[in-house]
Every structure is written in structure tokens, then in C-alpha cells.
Amino acid sequence: MAEALTILGSTILLGVSLGVVVSVWLATVAYRNDMPVNRAFFGLNLASALTCVAILAMYLSPSVPVAFASHVIYTGFIQGIAVLFVLFVVVYTGNRAWLTSRRVALLGGEPIAFTLLLATNPFHRVVLHDVNTTQFEGLTTIQIQPTVVSDLQILYVLFLTVAGYALLVRFYSQTRSFYRKQTGLILLGGLLIPIGGFLYHGGVTPINLTPFALVVNSGIIWIALFRYDFLDVTPLAADLLIEEMDDAVLVTGPEEKIYDANGAAERLFARDQTPSAVNADSERSLTGRSLTDVSPSLAAAIDDEEPFVYTTSENDSVTLDPNVTSIEDQFGIRRGLLIVLRDVTEQVRREAELERQNERLEEFAGVVSHDLRNPLAVADGSVALARQEDDTAHLDKAADAIDRMDALVTDLLALARQGQSVDDVEQVTLASVVDDAWQNVDDHEKATLVNNAEGVLKADTQRLQQLFENLFRNAVEHGGSGVTITVGREDDELYVEDDGPGIPATERDRVFEYGHTSSSSGTGFGLAIVQTIAQAHGWSVRLTESQNGGARFVFGDLTGATPHRQQADSA
């Protein structure tokens with residue numbers, strides 16, 4: 001016998017009816033937005049509305065057959081909602097490619113088969129042992145005795161629900177902080193559905209709370225997707241801008257712990273993998289680590305915001321210029337830092353090259369004003385005496401002075417050109433370049449060359465040959481007839497040494513200076529040219545004493561050097 005409808009029963013009917021209205025409205029909102037995730041959201045709300053209608057029909061049913069029919073419809077839509085929830089999550093998390101026709105058919109086919117089996121249960125009792133109705137606050141509710149098949153179906157629905165949550169949690173852990181707000185809301189709303197189902201099936205409440213949970217869940221998802229424009233182009237563009245920036249971006253919280261990092265930062269500070277293997281979909285390895293753990297030099301540079309040098313996992317040195325912005329709350333209390341790291345390696349290199357060029361210009365000016373002026377004065381005086389005395393002997397002295405100026409001009413031009421940034425770098429066979437340079441040295445027949453240079457070297461062939469020629473001429477000039485010159489390579493160093501008289505230790509620091517020479521016929525630019533060629537290749541050069549007491553020039557940093565690339569033609 002039906003009981004009179006109570007106030008509580010009326011409230012429940014009103015709540016379920018309101019659920020129908022809200023679900024239909026949300027489905028309409030989703031239908032008007034032509035996006036894949038909205039189509040899945042439309043299906044969820046449509047199924048929720050029909051589920052609430054089936055629940056209303058059961059509450060108001062006058063007999064067991066009508067109540068059972070409503071239960072079958074309700075159960076079918078609940079199974080469909082589980083499938084739609086998984087489809088919604090798959091699309092929302094960006095894995096739409098998984099949704100092949102076969103997989104969708106498998107996901108949707110099983111609930112349809114179970115619903116048909118449930119509808120025909122009175123004929124075979126495979127799903128339910130018995131079905132009865134009872135009254136609660138004037139509402140008709142159904143009581144069932146499930147079989148193992150029904151329990152297995154509950155496990156299947158539970159599996160779909162857990163799979164959906166697993167995708168959401170995975171997306172939450174990998175996505176940027178902006179999407180975490182949205183994903184967190186969807187996770188929160190989704191938890192209400194299984195909670196409502198467990199309370200009902202566990203006997204805690206005689207009223208199935210699942211329809212109410214469905215409506216509340218849809219409302220939360222609507223808030224996440226539409227109310228706060230979490231899918232609007234403006235926040236998406238801002239978030240995408242940070243992610244796609246070439247500059248590394250870090251967000252830190254208390255104790256300099258990293259809360260977020262864009263892809264450029266992940267690639268820059270990649271620790272146990274190569275930077276090329278890090279992409280936007282890979283697990284964020286910086287989140288949770290401290291700045292000191294990532295890079296002590298980075299942590300030290302944050303306070304003074306000065307450029308610092310960082311060595312990557314591929315042993316490349318980059319110069320980074322940090323720009324630090326304080327993140328403060330509404331009370332003006334600092335909660336963290338926004339750190340943008342700009343790669344200024346090329347800028348620093350260009351500034352260093354410009355400084356070197358300016359130094360050379362100043363030194364050239366000194367040479368022009370002094371070294372060239374002296375022989376010019378000699379030539380001018382000798383020509384004047386020749387005219388006065390009609391003596392051609394003075395012209396010989398003038399000719400010598402002109403030859404001196406010609407040698408100075410030649411070496412000055414060589415110094416300027418060899419000091420430019422190198423642009424034609426290739427793998428050079430050392431032994432071949434050494435032999436070619438030796439053949440271009442005057443009076444090389446009077447000396448002996450021991451060519452032990454093996455392997456290849458990344459260099460500009462012409463400039464490397466000029467370097468060897470200048471060293472060989474210097475050795476022949478100062479070592480005299482019979483001097484032996486040896487060229488060899490040891491580890492990451494190249495050396496050129498002789499067995500001549502050598503260079504005193506007090507003079508070794510000055511031999512690379514412009515215009516320094518101990519010979520009356522020399523210009524003093526030969527070794528300066530050697531140094532500028534080495535510097536243009538990124539090599540170091542030092543002068544020591546050979547085992548035989550002669551001069552030994554050693555060039556280091558050969559393999560790890562970065563040649564100074566030429567940016568524009570210069571004199």
C-alpha cells in the first residue's frame with residue numbers, strides 16, 4: 001500500500017526534478033560550444049538528465065513492474081555515464097587519438113549488453129535473484145538481491161571510474177599549474193558520483209544519491225570549463241606563451257623550492273637525460289627540487305641578478321642572465337619568485353670580441369703613430385740629404401726605411417685579418433698543414449723539422465698554416481742554422497718547440513705584445529699574430545722552455561674550444 005508523500009519525500013522529488021532541469025540546461029550550454037570536450041560534456045549531461053527522469057519514474061511508480069522498468073532504464077544510463085565519463089576524460093586530457101571506433105564500440109557495447117540482460121532478468125534470473133519495492137517517505141524504492149553477474153558489472157563500472165580518475169591524476173601531475181585548477185575541480189566533482197553510489201549500495205541510505213551527485217558533478221565541471229573561462233583563448237594563450245618561450249622560466253616558492261618550470265627550463269637543466277629527450281609531455285623533473293640542487297651558480301646569481309655561466313648535461317657552457325620578479329600576495333608578503341633566464345652567450349661573446357677589436361685598434365694607432373713614423377722620418381731625411389749632397393748613398397738608407405715600413409704594413413694587415421672571427425672552420429689534417437707551412441718559410445733548408453703532429457683539428461686551414469709559418473720563421477731567425485723544430489700533440493694540447501737559445505723567463509710575458517722584438521730586422525708582430533689566430537679559434541697559448549733549452553709554444557683547449565664566428569666583414 002502506498003504511503004502518503006511526506007515533506008522529505010517531496011523535497012527529494014523536487015531535488016531530482018531540479019536535477020533534470022539543470023542537466024538539460026548544461027547539455028544545452030555544451031551543445032552550443034563546438035569543441036570535442038564539449039560534445040563529451042553534452043553526452044554526460046544528457047545521460048544525467050535521463051537518469052534523473054528514470055529515478056523520478058521509479059519514485060512515482062505504482063507497481064513492481066513499473067519500478068523495475070524504471071530501474072532498468074536508470075541502470076542503463078548509469079552504465080552509459082561511466083563510459084561517457086571515460087570518453088570525456090580521454091578527450092579533456094588530450095588523448096583523443098586513443099578513441100578508435102573499435103575501442104568506443106567495446107566500451108559502449110558491454111553496458112548495452114548488460115542492460116539487455118537486466119531487462120530480461122524475469123525470464124532467467126541471471127542478474128538479480130529477486131526484486132521487491134518498498135516505501136520511503138511516500139516514494140517507491142526498489143530492493144534487489146544481486147547475483148555474481150551484477151557484482152561483476154559493478155566492478156566493471158568501478159574499473160572505468162578508476163581509469164578515468166587515473167588519467168585525470170596523470171594529467172594533473174604533468175600539466176602546468178593553470179590547468180591544475182581546472183583538473184582539480186573536475187576530480188573533486190567526479191568523486192561525488194562513486195561516493196553517492198557506495199552510500200546507497202552499502203545500505204547507508206535508502207535513497208540513491210547518485211542522481212544528485214551527477215548534477216553537482218556537472219555543475220562543477222561547468223564552472224571549470226565555462227564559468228571562469230578556463231578554456232578561453234586569453235589564459236590559454238598566456239599559458240602557451242610561457243610554455244613555448246625560448247627563455248627558461250622557473251617559479252619558486254618558500255625556501256627556493258621550484259613549483260613550476262616551462263619546457264625550456266626542463267631542457268636546459270635536464271639531469272639524467274639529454275635535453276633533446278625532454279618535451280612538454282615528459283615528466284617534470286624540476287618541480288619540487290631546490291634552486292641549489294638544480295644549479296648552485298643559479299642560486300647564487302639570483303640575489304644580485306648578474307649573468308652566470310652554467311654547464312649543461314652535454315658539457316656546453318652557456319651564459320644566463322636572470323630576471324627575477326617577486327611574487328607577492330594581497331598583503332605584500334613575498335610568496336615566491338618568477339625567474340626568467342635569458343641565454344646571453346652570443347651577446348657576451350660579441351661584446352668580448354668587440355673589446356678585443358677595440359684593443360687592437362688602440363694598439364694599431366700606437367704602431368702607426370710611433371713605429372711607422374720613425375722609418376718615415378728616416379726616409380724623409382735621407383731623401384733630403386741626397387738632394388742636398390747629390391749623394392745616392394743616402395737613398396739606400398731611405399730604401400731600407402721604406403722596406404721597413406712595407407714589412408710593418410704587411411704585418412699590421414696580417415694582424416688585423418688574422419684577428420678577425422673565423423668563419424671557415426673544418427677538420428684539418430695537422431701533419432699536412434705543418435708540411436705546407438714549412439715549405440713557405442725562407443731558408444728552411446738550413447733547419448730541421450720533426451713533424452710528429454698526428455690526427456685532425458677543427459680549425460681554419462689558412463690561418464692555422466699562418467700560425468705555423470710565423471712560429472717556424474721565429475725559430476729559424478733566432479735559432480740560426482741547424483736548429484731543429486718539433487711539432488707534436490699531447491692530449492688536448494699542440495706544441496711547437498725548438499732547440500735554439502730559447503727566450504729568457506723575464507721576456508716570455510712580453511713576446512706576444514705588439515711590436516716587441518729582439519731583432520733589428522723584425523717587426524715584432526709575428527708572435528702577436530700567432531696569439532690572435534689562437535684566440536680567434538678559442539685556444540689558449542703559453543710560452544715555456546723545451547727540454548733542450550729552446551722555446552716551446554703550447555696551445556690548449558683544442559677540442560672544447562668555440563671559434564669566434566665572423567658576424568660581418570671587417571678590416
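**Close-up 1. Strands β3 and β7 pair in antiparallel fashion.** Strand β3 (residues 248-252) and strand β7 (residues 334-343) run antiparallel and are joined by 5 bridges, where strands are DSSP runs of E with at least two residues, numbered from the N terminus, and pairing requires at least two DSSP bridges between two strands. Within this pair, V251 stands opposite L338 in β7. The model is predicted, so local features need pLDDT of at least 70 and side-chain atom pairs count only at pLDDT 80 or more, whereas totals for chains, interfaces and linings use all residues. Residues are numbered from 1 along each chain as its sequence is written, and side-chain values use heavy atoms, without hydrogens and water.

**Close-up 2. An open sheet is built from 5 strands.** The strands follow the order β4-β3-β7-β6-β5 with antiparallel pairing. β4 (258-261) and β5 (308-311) are the edge strands, each pairing on one side only.

**Close-up 3. A nonpolar patch lies on the surface.** V148, L152, L155, L158, V162 and F198 form this patch, with about 590 Å² of accessible area together; accessible areas come from the Shrake-Rupley method with a 1.4 Å probe, and for residues only the protein chains shown count as cover. Patch residues have over 30% relative accessible area and no salt bridge, and nonpolar side chains (Val, Leu, Ile, Met, Phe, Trp, Tyr) are joined within 5 Å; a salt bridge is a side-chain nitrogen of Lys or Arg within 4 Å of a carboxyl oxygen of Asp or Glu. Helix α6 (residues 148-174) gives the most, with 5 residues, while F198 is found in helix α7 (residues 177-201); helices are DSSP runs of H or I with at least four residues.

Note on methods:
Patches are made of residues with over 30% relative accessible area and no salt bridge: like charges are joined within 9 Å, nonpolar side chains (Val, Leu, Ile, Met, Phe, Trp, Tyr) within 5 Å.
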